[in-house]
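Opening the notebook on this model. I want to go through some strands and write down how they pair.

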Protein chains: 2
Amino acid sequence: MSTPSLAGGPAGPDALRPLVDTVLDALHEGAAARVGPLPPGGPAAVTAHVRRTLAAAPAPAPAHAAPAGHGTAPPETGAIPRTGTGEHEALTTLTRLLAYGAADPAHPHCAAHLHTPPLALAAAADLAAAALNPSLDSWDQAPAAAALEESVTRALATEAYPTGPDPDALVTTGGTEANQLALLLARERHGRLGATVQTVCGAGTHHSVHRAAWLLGLPEPVTVPAPDGTLDLTALDAVLSGLRGPLLVTATAGTTDTGRIDPLTEIADLCDAHGADLHVDAAYGGPLLFSETRRHLLAGLDRARTVTFDLHKLGWQPLAAGLLAVPDRALLQPLAHTADYLNADDDTEAGLPDLLGRSLRTSRRPDIFKIAVTLRALGRTGLGALVDRVCDLAQHLADLVEKRPRLELHERPALSTVLFRPAGADDTGVAAIRRTLLTEGRAVLGRARGADGRLWLKATLLNPHTTPDDLAQILNLVEGSTTR
Amino acid sequence: MSTPSLAGGPAGPDALRPLVDTVLDALHEGAAARVGPLPPGGPAAVTAHVRRTLAAAPAPAPAHAAPAGHGTAPPETGAIPRTGTGEHEALTTLTRLLAYGAADPAHPHCAAHLHTPPLALAAAADLAAAALNPSLDSWDQAPAAAALEESVTRALATEAYPTGPDPDALVTTGGTEANQLALLLARERHGRLGATVQTVCGAGTHHSVHRAAWLLGLPEPVTVPAPDGTLDLTALDAVLSGLRGPLLVTATAGTTDTGRIDPLTEIADLCDAHGADLHVDAAYGGPLLFSETRRHLLAGLDRARTVTFDLHKLGWQPLAAGLLAVPDRALLQPLAHTADYLNADDDTEAGLPDLLGRSLRTSRRPDIFKIAVTLRALGRTGLGALVDRVCDLAQHLADLVEKRPRLELHERPALSTVLFRPAGADDTGVAAIRRTLLTEGRAVLGRARGADGRLWLKATLLNPHTTPDDLAQILNLVEGSTTR
């Protein structure tokens, strides 16, 4: 076999073109074969289909004797055939498999999670990042990508901190890593003084805050009740009064369960009164900043010491597209790190930018590139219109639920999430409806506990092409599933 | 402006096709304009070019009054214009910028780092992942992707652990995260018994091991000398004898500086004798397993409790493509984690796969997809041929250096890294040559300390299309730079 072509260099695009055509054809075929938002049959059927496909790779050549020195040679598996099937066969077979077996967020009946349907624009931009493969751990692997990241992260951080002294943002693998970095920065800031920071969060806080505390060796966060879905201010005041030592309050702007936004200004006031630091997880709600009419919902955001964003939710980016913003890049200093081969002192003094302190990763894909292309193509107005569109869709879905006597609405939506359930259904019934629709390949809905402690169906609306009729059909599917 | 198209669904491919064409055209134009492996002028020139390009976005519409509620509106920046420039303008302008301003690993004179030129095949496959956007934190966001990951990670882990009881691997953002997970698993295993694990590593160990210990709140690793570039066994024995409590030895199969491989079998014997656990960082050398003729270099690998792989090095994948392999998936149990909206107990009992314990991330891109396509297309034989090709190129470069009296070779290459320098140059001179070639846009070479403690130029050969003539030209550039 001749040496396979590379994606980069002047010849890369010509090598990519037929391969990309193959991928696009297979994406279409897989999606067309699926019909619904996900394949029917549930995990058993999908797993069997995947294993059959992998096993059907052309039969391997007769096994060689195991070479000496590394024990037994591994058994032949379909996943790694001895002899390859070739570029187009592999792309066609596995892309069809992936597309057929997707829970496709571009299907209007796929609305379980903060699982965005990416813009074609952003997916196309991401191809350039993959082809050139800049790695943001040193300037000499990513000259333009590093400069672009610097400008675009600064611009995004300035959205959160319009009056910050020197706004900056780190690019992360998602909200989870951004929250982790926020806790790490707090740990280091206080750890230098020999103190251990205690995290305080609401009952609706994302699980990643708890996991980050565990990862970083910090005490388990103290949880404050959130009876109506947002952090209770009286309870927070009491908790902060009862704790000693450095405190980090994490508030949420758009909870995963209901999309509710904590009262940021009031929380910031309490943090000031108690000398606590504030982190805001705006992984979901952050892009409200782009909406002229909804920007006010984030009032107080700029009083946080750190803010989590996640543009693979309301930013319509393919994974990953997380950010942690700070009002002053000096706050990022605890991440400074040296490795002689990447940022030796004499190279830094000679003017080569030092990138290692911008992530805990070393090799790092330029996820900022697709974001930069999207921001430029759509502008603040275009992005804001998308945000408004899906929030309006949520209001419309809530209207529809309210008009159907056999359905019950949890509350008017705060963002783009709607919780509803068949009137009178118990938790077991709600969970079963969700799984039935999944297994039948008809709809992908989520689940969440409501303010009443009961289980609700959750529709997280992120698809700006969804129509009112699509929403009605989702409700029809739920009602149909209930009556069987 | 109409709502921008999505990448998914049956209509996605038709939306993607013209946008991808625009990207491929711009990639070609940018690469053709660059000429060399990176643009000339150094960081100042590249940064100025990026800022000019961003600032040249069409002028924004007259500023609106700042909406109430969030303080001052952010200033207009080129990075986020008020009104977008449109999909094709943004893709063309920024892709050209990225390509022109790349340090393109597909250029044969770009050989500084473990910064691979991706296969066109793998970059094309990654487009499917971006378009469909499966997220591997729950089955209902990634039905086929989850099943594919399960099969392919098991197959890859079986390459490392052919006789392991139940081999498995976690997909990571790179070797850094894989090393971090290895230390975390060790921390948790011993932490349950109330003990703190002490990491012991060689002087050539990747910096990420030290950073992981810091992140996880573990003691700073004890460093064992590596006078010839590999971990010294006598010194390791002495260090292990002098320490109390649980120990984790991290060995390296392919150091970043020289590509040397630690004596794994002997280290495993010492670990057994002292009751220490063994982790092997095979981020660089791991794919030697695919080479019939070089597989033996990793003898002893399967005695490690955890092994780091990184297929965005010798696997020719675009970022990210890291893995942490274990011989028994039961060893991953400390990562088990629950979030009611993703893996509620009743959903898990009803047969929905629980994915949260397979990563510390929550949302997670299916990086396994491009890997799966590459493994199927090339097979073990095809990948092994690529590994052999770049290792052979390194031997050839070493031959060329030895034949040139004005150059000095550090040692015969162990893998695909060659350290050399102009005879008689001091450290300052070596560093200056590297920076001169970078600033002139002629070559991207790395730097490393040799066994003698002096600074050497480093050529890391990962491009299988590089020719002997390309290698001679690299040496000509270095010699030419020396004489000026």
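My entries on chain B strands follow.

Housekeeping: this is a predicted model, where local features need pLDDT of at least 70, side-chain atom pairs count only at pLDDT 80 or more, and totals for chains, interfaces and linings use all residues. Residues are numbered from 1 along each chain as its sequence is written, while chains are lettered from A and ligands numbered from 1 in the order in which they are written.

Entry, S12(B). I looked up strand S12 (residues 455–460) of chain B and found six of its six residues buried (20 or more other C-beta atoms within 10 Å of a residue's own, with C-beta atoms placed from the backbone; strands are DSSP E runs of at least two residues, numbered from the N terminus). B:Leu455, B:Leu457 and B:Ala459 point one way, and B:Trp456, B:Lys458 and B:Thr460 the other.

Entry, partners. S10 (residues 417–422) of chain B pairs antiparallel with S12(B) over four bridges (pairing takes at least two DSSP bridges), and B:Phe420 stands opposite B:Leu457. S11 (residues 444–449) of chain B also pairs antiparallel with S12(B) over four bridges; there I noted B:Gly446 as the bridge partner of B:Lys458. S11(B) and S12(B) make a hairpin with five residues between them, and B:Gly453 in the turn has a positive phi of about 80 degrees.

Entry, the open sheet. I traced seven strands of chain B in the order S2-S8-S7-S6-S5-S3-S4, with mixed pairing. S2 (168–172) and S4 (222–224) of chain B are at the edges with a single partner strand each, so one side of each has no neighbour in the sheet. S3 (residues 198–202) of chain B runs parallel to S4(B), joined by three bridges, and B:Val200 has B:Val222 as its bridge partner.

Definitions and conventions. A residue is buried if 20 or more other C-beta atoms lie within 10 Å of its own, exposed if 12 or fewer, and partly exposed in between; C-beta atoms are placed from the backbone.
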